[in-house]
Amino acid sequence: MTIHISARLAWHDSGWNGRICHNPRANTYCVGQYSFPADHIAKHRDLEWECGEGTQGERICRLNGIPPCIMSVNALGEK
């Protein structure tokens, strides 16, 4: 018997590699019906911080904060 499991992760333009998106403002799929946990991300997202110098495209483990996409951003990350 084959079992198939699907997971809807918040979409990231860097492929769930443990980094903030390179272009967070263009990433509307993480807050819509397309991902989990879209409601949490939409409520707690801070685009000014995500797009700021030293944050945009940076590894999550190097940030001085925790983005609301933390539950899925590192699904395929190195750290």
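## Salt bridges and overall build

The accessible surface of the protein comes to about 5,500 Å², with 51% of that area belonging to carbon and sulfur atoms (areas come from the Shrake-Rupley method with a 1.4 Å probe, and for residues only the protein chains shown count as cover). Please keep in mind that this is a predicted model, where local features need pLDDT of at least 70, side-chain atom pairs count only at pLDDT 80 or more, and totals for chains, interfaces and linings use all residues. Residues are numbered from 1 along each chain as its sequence is written, and side-chain values use heavy atoms, with hydrogens and water left out.

**Overall build**

- The protein has 3 helices and 0 strands (DSSP runs numbered from the N terminus: H or I of at least four residues for helices, E of at least two for strands).
- Its radius of gyration is 13 Å, close to the 12 Å from the globule rule for 79 residues, so the protein is as compact as a globular protein of that length (the radius is taken over C-alpha atoms, and the rule is 2.2 Å times the number of residues to the power 0.38).
- The C-alpha trace spans about 50 × 25 × 20 Å along its principal axes.
- Of the 79 residues, 32% are buried (buried is under 20% relative accessible area, exposed over 50%, partly exposed in between, with a 1.4 Å probe and protein chains only).
- Taking contacts between residues at least 6 apart in sequence, 59% join residues at least 24 apart (a contact means heavy atoms within 4.5 Å).

**Salt bridges**

- The count comes to 3 salt bridges (a side-chain nitrogen of Lys or Arg within 4 Å of a carboxyl oxygen of Asp or Glu).
- E48 pairs with R25, their closest N and O atoms lying 3.1 Å apart. This bridge links distant parts of the chain, 23 residues apart: E48 sits in helix α2 (residues 47–50) and R25 in the segment before α1 (38–44). E48 counts as exposed at 58% relative accessibility, while R25 is partly exposed at 45%.
- R45 and E50 meet in a salt bridge at 3.6 Å, N to O, and both residues are buried.
- E58 bridges to R62, with 3.4 Å between the closest N and O atoms. Here E58 is partly exposed, with a relative accessible area of 22%, and R62 is exposed at 54%.

**Charges**

- The protein carries 8 positive and 8 negative charges, and their mean positions are 5 Å apart (Lys and Arg count as positive, Asp and Glu as negative, with His and the chain ends not counted; each charge is placed at NZ of Lys, CZ of Arg, CG of Asp or CD of Glu).
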